[in-house]
Amino acid sequence: MLKQALLGVLCAAVVLSIGILIGHFGISKSSTSEPSWVKDVVKDVDENLIQQFLSEVKTSEIEQNLRELTKIPHMATSPGDEQTVQFMLKRWKDPDSGLDDAWRQEYAVYLSFPDPDKPNKVTVVDPSDAELFSVREKEKPYYDDQKHPDVVQPYAAYAPAGHPRGKLVYAHQGKASDYEQLNKTVDLTGTIAITRYGGAGRAAKAINGAPYGVIGVLVYTDPLDINDGLMSDTNETYPHSWYLPPSGVERGSYSIPFGDMLTPYLAAKDDTYRIPRENVTEIPPIPVQPIGFEDAYTLICELGGDAAPNDWQGGFNCTYNYGGPGFKEESVFNNSDVKLDIYNHETIINSSNVMGIIRGSVEPDRYVIYGNHRDSWVHGAIDPSSGTSVMLEITRVLGSMVKQGKWRPRRSIIFGSWGAEEFGLIGSAEYTEEYFTKLSQRTVSYINVDIATFANATLRASGVPSVQNVIFQASQQVSAPGHDSLSVYDNWIKYSNRTSPTHGLIPRMGYLTGAGSDYAAFIHYLGIASMDLSYTYDRTKTNARIYPAYHTAYDTFDYASKYIDPGFVSHQAVARTAGNILIRLADSLLLPLSCNDYAESLEDYLKEAVTLYEAQLQTKGISMDPLKWAVANFRREATNLNELISSSDLVNETPLKVRRINDQLMLLDRAFLNPYAFPDQYGFRHVIWASSSAGKPTFPGLADAFARAQSSGESRDWEKVHYHLSVLSQAIDGAASMLAEVI
């Protein structure tokens with residue numbers, strides 16, 4: 001019995017000892033090893049992967065993309081648009097090179113179209129209603145592309161139907177000041193105004209004229225503004241060069257707000273509340289029709305009345321007169337009217353975004369969004385298919401890396417192929433309205449590449465100041481087209497540069513101060529750090545305000561491959577630069593966003609504001625000191641955060657510290673939002689980069705308020721100047737507090 005007891009004790013001791021040894025070594029081993037996720041959490045951007053990406057971006061793939069996208073016209077919601085939807089989905093769902101997921105997202109939006117059975121007409125008619133002259137209804141075809149039955153007749157989207165008839169007058173660019181000047185010489189009541197593109201937005205040309213009694217508007221592109229004066233399609237314009245041929249007409253949306261006009265601040269779903277059509281503002285109140293300069297030449301050179309000022313003269317070999325109103329006595333059109341027969345109609349119709357995603361491995365709830373609209377007015381080789389071709393090549397290369405198991409980004413990447421952009425940035429705006437909260441809380445940055453190549457001279461980039469650094473870094477790693485030993489960055493600095501107090505001589509970036517493309521809703525409405533990239537032309541060699549075939553039937557694959565980017569090397573440079581930026585934003589441990597560059601821009605704006613406004617504001621008892629203090633506070637906090645980043649070994653820090661700093665950088669632009677700063681401008685909430693009519697390189701709300709007050713002299717307008725100073729000061733102070741380490 002005792003023997004059995006001793007044996008039991010001995011066995012128990014052995015088992016206990018073994019257990020202790022197992023426990024000891026097990027605990028020791030587990031205490032010295034890292035969890036499997038630790039390496040992923042501290043991993044930074046892989047420079048070798050970026051080099052691999054750059055090497056795999058192919059001109060041949062981009063060329064094929066563009067050829068496919070431009071086979072037929074693809075205006076929003078048209079059969080051609082549906083073909084591009086299916087093409088994008090097929091590419092993004094490809095098992096070898098597609099994304100993790102892709103889908104279409106529809107919105108029921110308010111669009112405007114011409115009547116295919118009743119073409120819009122512009123005629124000159126005499127008192128007996130005999131037709132003396134008729135404007136060309138469709139552009140002259142040079143190749144089969146322009147003969148396609150789906151080439152939409154030139155029209156002014158959102159201009160109302162109607163049949164105005166009256167004497168013609170020339171109103172230059174249709175600015176408010178142009179009509180004011182013209183009205184001093186000519187009675188505008190019941191007249192038709194002919195205006196040229198530029199100077200004022202499309203819709204404004206009609207909105208500005210209506211209060212003076214103008215009942216209809218014609219719009220054309222003057223050869224001086226687009227063609228460097230060249231006019232002949234025999235040997236000077238397309239198809240012989242990139243210049244606009246005489247019958248070319250720029251189509252466009254004649255609306256001011258962006259997004260669906262019937263559902264402001266709401267996503268345009270089938271059951272969404274819609275405001276009454278008659279409550280829609282900021283669209284033409286009178287009929288409008290765009291025409292080619294060959295017809296504008298006939299009309300303008302026959303006008304009577306006094307000669308217009310020198311700065312109103314254009315590229316025609318005649319004097320531009322105001323109009324009598326109407327034509328010269330010696331003209332064959334003497335005593336005749338211009339008549340517009342406009343049959344445009346509006347409808348609510350489904351338009352699709354195509355969305356795709358690569359899911360992040362460490363921070364899937366942080367998004368880098370890359371977008372480009374898909375719809376065009378006709379074939380749209382440059383606008384927007386150059387951008388879509390680039391986006392498809394970026395997704396092909398990145399998608400292949402993911403499918404092959406070579407890479408997965410730290411953060412999620414969302415790709416957006418926006419619908420109905422040409423009608424007012426509709427697809428992107430509806431997306432931001434539907435996912436307002438999620439995007440506001442989670443989006444790191446938005447990259448926009450709409451027109452990838454205007455021409456092949458140099459990079460052009462615009463964005464909030466915090467993205468300057470990552471754009472510069474990426475462009476330094478990409479070879480400039482035709483210059484293997486010269487980077488995109490070094491080539492860019494030759495064309496456009498500035499001297500920075502911090503960095504010395506650097507390329508000049510633009511700011512996103514208006515709503516020119518799909519970045520608008522992301523920066524102005526959501527306050528997401530945004531950028532817009534393209535390759536463009538040498539402005540010392542042409543006065544063209546944009547590439548000449550813009551929004552015409554001549555923006556085809558032939559035009560793009562012959563005159564815009566032969567060899568597609570500029571497309572490739574943009575794809576490499578934009579993709580490099582995308583990878584850095586998605587993969588960097590610390591977001592490559594600079595608050596110090598933001599401070600420099602605020603200081604530049606402040607310096608200009610003090611020079612322009614301080615002396616006069618002092619006479620009104622309004623002090624700029626709060627604004628000065630706010631900008632100084634922002635600089636101080638930006639410096640402190642930058643020093644914290646520089647002194648931290650973030651790879652060995654707690655992930656929460658890295659996440660906290662990244663959130664400070666990510667949310668910086670959100671701090672500049674004020675929903676009451678611009679109550680009359682839909683979607684504009686960012687007090688630093690809002691649209692401005694004052695034309696001054698400083699804070700937009702302050703500049704516009706000061707211009708109004710100075711013009712009116714009214715005390716209530718000076719109070720609004722004070723209001724905007726307070727809005728600015730508090731927004732900048734709030735942004736500074738975002739950069740502070742703790743409350």
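Visitor: In which helix is the place of Leu-602?

Guide: This is a predicted model, where local features need pLDDT of at least 70, side-chain atom pairs count only at pLDDT 80 or more, and totals for chains, interfaces and linings use all residues. Residues are numbered from 1 along each chain as its sequence is written, and side-chain values use heavy atoms, with hydrogens and water left out. Helices are DSSP runs of H or I with at least four residues, strands are runs of E with at least two, and both are numbered from the N terminus. Leu-602 sits within residues 595–619, helix α18.

Visitor: Is Leu-602 buried or exposed?

Guide: Buried means under 20% relative accessible area, exposed over 50%, partly exposed in between, with a 1.4 Å probe and protein chains only. Leu-602 has 1% relative accessibility, so it counts as buried.

Visitor: How many Å separate Leu-602 and Ile-688, C-alpha to C-alpha?

Guide: Contact means heavy atoms within 4.5 Å. Leu-602 touches Ile-688, and also Phe-672 and Ile-732, among others beyond four places in sequence. Leu-602 and Ile-688 are 86 residues apart in sequence, yet their C-alpha distance is 8.5 Å.

Visitor: How are α19 and α20 oriented to each other?

Guide: Axes are lines fitted to C-alpha atoms, for helices over the stretch in contact, with angles from 0 to 180 degrees between N-to-C directions. The axes of α19 (625–647) and α20 (655–666) come within 12 Å and cross at roughly 150°. Angles over 145 degrees count as roughly antiparallel, under 35 as roughly parallel, 65 to 115 as roughly perpendicular and the rest as oblique. The two helices, α19 and α20, are therefore roughly antiparallel.

Visitor: What joins Asp-383 and Pro-384?

Guide: Pro-384 lies in the loop between β13 (363–373) and α10 (385–403). Omega is about 10° at the link from Asp-383 to Pro-384, a cis peptide bond.

Visitor: Is Asp-129 buried or exposed?

Guide: Asp-129 is in the loop between β2 (121–125) and β3 (131–134). Its phi is near 70°, positive in a residue other than glycine. With a relative accessible area of 52%, Asp-129 is exposed.
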